[in-house]
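The briefing below walks through a structure for a reader who will want the cut-offs alongside the values.

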Amino acid sequence: MGNVHLVPDIEEDKDRNFVTALARGLDVLRCFRPHEALLSNSEIAARTGLPKPTVSRLLHTLCKLDYLTCDEATGNYRLSSGVLTLGFGVIAGMEIADRAKDILLELRDGPNSYITAAVAQAHMTDAVYIAVERSREDISLAITIGARLPLFFSAIGRANLVAMSDADLETAFDYGAKLLPDSFAAQKASYASAKAEYAQKGYCSSFGDWRKDVHGIAVPIKTLDGRVFAINAGGPAINVKQKQLETVYAPRLIAAAKTLSLQP
């Protein structure tokens, strides 16, 4: 994912209300990726682009607030229960996760036992899963709540993008340019393709675009209060074929998205 430090770019905007210290603390928390239990001071400094003394002070503060804890055996750091409290508080406020549970189970329990179904919302350059029902097979995608998929190259990320307001879409591309500058042209092309596909078919797809071994389709959800999410169905490409997703699961996803959007 590379460097996660955004503060210099934002400071250039000369936003007098922007609290740099808070932004840097959040940068530290964003360093932790799925399946990474521990990170060292040096690793966090490299990922944020911050000096090690600054990182040390931020780590000390975050430990005091119980957002991080220090592993005594290694001297490295792990996320603590304070972060879970924040995360579950956000999910609790997203009633869509509760409303989606039965719908996701129906998708998961459909004709293909390798299907995983989920709901995600965009955050910076990721689509973050807020509700997941994993496939019935032992061999399935390692997807859990909180997992992050690439916003511009996964089906569920693209479905979020095509439903965004112009302002939110501009913000997403700003993040893409700052965090993933090497793929910015590909981001633009991916969005244009997804927008055309959604207009024609009513869903967005990713057949090996995100990972060569993964197939998926997704449909945007836009709630009455203006929030944007997306719902998907997908799985290992060897077990989940493009034709089945397009003919069997696409109509189910479109109907599910309408229900979750509270559309008539």
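In the residue classes used here, Ala, Val, Leu, Ile, Met, Phe, Trp, Tyr, Cys and Pro count as nonpolar, Asp, Glu, Lys and Arg count as charged, and the others, Gly among them, count as polar. This is a predicted model, in which local features need pLDDT of at least 70 and side-chain atom pairs count only at pLDDT 80 or more, while totals for chains, interfaces and linings use all residues. Residues are numbered from 1 along each chain as its sequence is written, and side-chain values use heavy atoms, with hydrogens and water left out.

**Cavity**

- A cavity is defined on a 1 Å grid over the protein atoms alone, as a set of points where a 1.4 Å probe fits but cannot get out, and its lining residues have an atom within 4 Å of a point.
- Grid points are joined across faces, edges and corners, and a volume is the space filled by probe spheres set on the points; by this rule the count comes to one cavity of 30 Å³ or more.
- The largest cavity has a volume of about 140 Å³, and its lining consists of 16 residues, of which Y129, L149, W210, V214 and N232 lie nearest its centre.
- By class, that lining is made up of eight nonpolar and eight polar residues, with no charged residues.
- Helices (H or I, at least four residues) and strands (E, at least two) are DSSP runs, numbered from the N terminus; among these elements, α7 (155-162), β7 (214-222) and β8 (228-236) each supply at least two residues of the lining of the largest cavity.

**Sheet**

- Two strands are taken to pair if DSSP finds at least two bridges between them, and on that basis an open sheet of six strands has the order β5-β4-β3-β8-β7-β6, with antiparallel pairing.
- The edges are formed by β5 (148-150) and β6 (204-207), each with a single partner strand, so one side of each is left without a neighbour in the sheet.
- Neighbouring strands of this sheet are turned by 30° against each other on average, direction ignored, where axes are lines fitted to C-alpha atoms, for helices over the stretch in contact, and angles run from 0 to 180 degrees between N-to-C directions.
- Strand β3 (residues 116-123) pairs with β4 (residues 126-133) in the antiparallel sense over seven bridges, and A118 stands opposite V132 in β4.
- Five bridges join β3 to β8, again running antiparallel, and here the bridge partner of A118 in β8 is N232, a residue that is also listed among those nearest the centre of the largest cavity.
- The antiparallel strands β7 and β8 are joined by nine bridges, with P220 standing opposite A230 in β8.
- Burial is expressed as relative accessible area, where buried means under 20%, exposed over 50% and partly exposed in between (1.4 Å probe, protein chains only); nine of the nine residues of β8 are buried, so this strand is largely enclosed by the rest of the structure.

**Cysteines**

- A disulfide is a pair of cysteine sulfur atoms within 2.5 Å, and a search of the whole structure finds zero disulfides.
- C63 is in no disulfide, and the nearest cysteine sulfur, that of C70, is 6.1 Å away.
- C63 is partly exposed, with a relative accessible area of 26%, whereas C204 counts as buried at 0%.

**Backbone and loops**

- Most residues other than glycine have a negative phi, and most peptide bonds are trans.
- D66, in the loop between α4 (52-64) and β1 (68-70), has a positive phi near 65° although the residue is not a glycine, and at 34% relative accessibility D66 counts as partly exposed.
- M124, in the loop between β3 and β4, likewise is not a glycine and has a positive phi of about 60°, but M124 is buried, with a relative accessible area of 12%.
- In the hairpin of β7 and β8, which has five residues between the strands, G226 takes a positive phi near 95°.

**Selected C-alpha separations**

- S81, in helix α5 (residues 81-93), is partly exposed at 39% relative accessible area; the C-alpha atoms of S81 and D66, 15 residues apart along the chain, are separated by 6.6 Å.
- A199, in helix α9 (residues 184-201), counts as exposed at 68% relative accessibility, and the C-alpha atoms of A199 and V162, 37 residues apart along the chain, are separated by 9.3 Å.

Definitions and conventions: 1 Å grid on protein atoms, 1.4 Å probe; cavity = no way out; pocket = protein on both sides within 12 Å on 5 of 7 lines; lining within 4 Å.
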